[in-house]
Each structure stands twice: as structure tokens, then as C-alpha cells.
Amino acid sequence: RGHTTTTAHHHLKSMAAKEVLVVVDGDEKTGRPDPEPLPILHSPKGKMIFVCVDQSAFSTNVVEFAANHIARPEDTVCLVTVVPFEPVPYRTGHLSQKVKNEIKDFNQKARKEITEKTQSFLQELALRIKDINAAIHDNCEFRVFYSRHDRPLKKLLVTKIEKYKPSLVILGCRGLGKVGRTFLGSVSDFVVHNSTVPVAIVK
């Protein structure tokens with residue numbers, strides 16, 4: 001199946017006052033290929049740094065390392081996470097329209113719940129950056145990518161790195177995400193061997 005990317009802005013209602021951009025891959029409604037990604041605005045004087053996180057406690061260590069030792073005020077720190085989401089299929093002929101609508105509503109509610117939960121943890125990480133260096137926080141960006149069974153987390157992450165072309169990617173070497181496997185762990189090994197941009201691993 002092809003993939004498409006749709007975007008939705010969700011404003012964070014907190015002192016962080018930042019905006020999370022949710023990029024949905026593999027939307028079940030269409031089969032068009034991925035369009036070009038929306039650019040991440042950053043100063044030509046600084047670097048664009050991808051800091052890849054999951055919802056584990058170790059992600060805080062990764063963010064703190066980036067803010068304390070890597071990022072400078074002129075750099076753009078982009079917090080990146082990949083979230084698995086598999087919508088329930090409903091485009092089959094034997095289902096009534098009522099059932100299709102119910103499944104569609106279920107998918108939308110499930111996606112919204114996952115999105116809000118993901119935004120909340122990104123917001124917490126952004127506030128940690130603000131505690132360390134407000135200037136770096138002011139240049140923070142966010143990207144949330146949804147993966148499906150036919151595009152695994154690690155492959156999707158490498159694809160997005162290739163599209164956005166950051167100056168540096170920072171990953172953790174361990175951490176347990178919601179998918180029952182290590183994201184900041186097994187994925188970091190895959191990224192190191194397949195990324196065309198420099199990768200820093202936080203232990």
C-alpha cells in the first residue's frame with residue numbers, strides 16, 4: 001500500500017507555548033506516495049539537530065545531554081518520536097455503512113488519544129529543555145510520525161532523517177517504549193548503520 005502524509009497542528013496549552021506538528025504516515029483513506037515533508041525552519045547560522053525520543057524515562061537523559069552538551073542557542077533542536085498506530089480496516093464490501101462509520105469514528109478517537117498523550121510527553125521534555133537553556137527551548141521544533149505494520153519504526157525514522165536532512169541525530173542506547181520493544185535501543189543500532197548523517201548515541 002502507498003503512503004501519504006497529512007498534517008495537523010495541535011497547540012500546547014502550557015507555559016511551553018510550543019506547537020507540535022503531527023505527521024501521519026500511511027493514512028488509510030488514500031494511497032498516494034509521501035509528498036515532500038514540511039520544512040523545519042532553522043537559522044542558517046546554526047545546526048538542525050534531531051533528538052529522537054520515546055515515552056521512556058531514559059528519553060529525559062537524551063534530551064538533557066543534547067541541551068547541556070550539544071545544542072547551542074542558534075541551533076534548532078527537533079524532538080522526534082515515532083508512534084505505532086494501526087487503524088481498524090473498514091473499507092470492505094460486506095460491512096454496512098453504519099458499521100463503517102462506527103469503525104471510522106473509533107479510528108479517529110484512537111488516533112486523537114494517542115496524539116494527545118504523545119503531545120503531553122513532548123511538552124514535558126520541552127519544558128526540561130527550557131529549564132536548562134531557554135534560548136535553546138525557543139528554537140525547539142517537534143515532529144510526531146505514525147508508523148504502521150508495513151513501515152516499521154526504525155525504517156520510518158531513517159526515511160524521515162533522509163527527508164529532513166538534519167545536521168546530527170541524537171539517540172539513546174536503551175529505553176522501553178509502548179510497543180513492547182526498545183525504541184531507544186534496537187532502533188538506534190539500525191539508525192547508526194543506515195543513516196547518511198552523523199549519529200550520536202547517549203548511554
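Predicted model: local features only at pLDDT ≥ 70, side-chain atom pairs only at ≥ 80, totals over all residues.
A residue counts as buried when its relative accessible area is under 20%.

Along strand 7 the side chains alternate in direction. Strand 7 pairs with strand 6 in the parallel sense, over 4 bridges. Within this part of the model, Gly172 stands opposite Val202 of strand 7.

Val63 and Gly172 are separated by 109 residues in sequence, but their C-alpha atoms are 9.4 Å apart in space. Val63 belongs to helix 1. Its relative accessible area is 1%, so Val63 falls under the 20% cut-off and is buried. Leaving out residues up to four places away in sequence, Val63 touches Val51, Val53, Leu79, Leu125 and Ile129.

Leu125 and Ile129 lead on to helix 2, where both take part in the packing against helix 1. Helix 1 (residues 58-70) and helix 2 (residues 97-132) pack at an angle of about 35 degrees, and their axes are 10 Å apart. The crossing is right-handed. On the helix 1 side the contact is made by Ser59, Thr60, Val63, Glu64, Ala67 and Asn68, and on the helix 2 side by Leu125, Arg128, Ile129 and Ile132. Sorted by class, this contact holds 5 nonpolar, 3 polar and 2 charged residues.

In soluble globular proteins, nonpolar side chains tend to be buried together. In this model the largest nonpolar core has 27 residues, of which Val51, Val77, Leu79 and Ile170 touch the most other members. Two or more residues each come from strand 3 (48-52), helix 1, strand 4 (76-84), helix 2, strand 5 (141-147), strand 6 (168-172) and strand 7 (199-202). Helix 2 gives the most, with 6 residues. Apart from this core lies another, of 18 residues, including Phe145, Val158, Val191 and Val197.

Val77 shows what surrounds one of the most connected members of the largest core. Beyond its neighbours within four places in sequence, Val77 is in contact with Ile49, Val51, Ala71, Ile129, Ile136, Asn139, Cys140 and Glu141.

Methods:
Residues numbered from 1 in each chain as written. Heavy atoms only, no water. Axes fitted to C-alpha atoms, helices over the stretch in contact; angles between N-to-C directions. Left-handed = near helix turned anticlockwise from the far one by under 90°. Contact = heavy atoms within 4.5 Å. Nonpolar A, V, L, I, M, F, W, Y, C, P; charged D, E, K, R; others polar. Buried < 20%, exposed > 50% of the residue type's maximum accessible area, 1.4 Å probe, protein only. Core = buried A, V, L, I, M, F, W, Y, C linked by side-chain atoms within 4.5 Å. Pairing = 2+ DSSP bridges.
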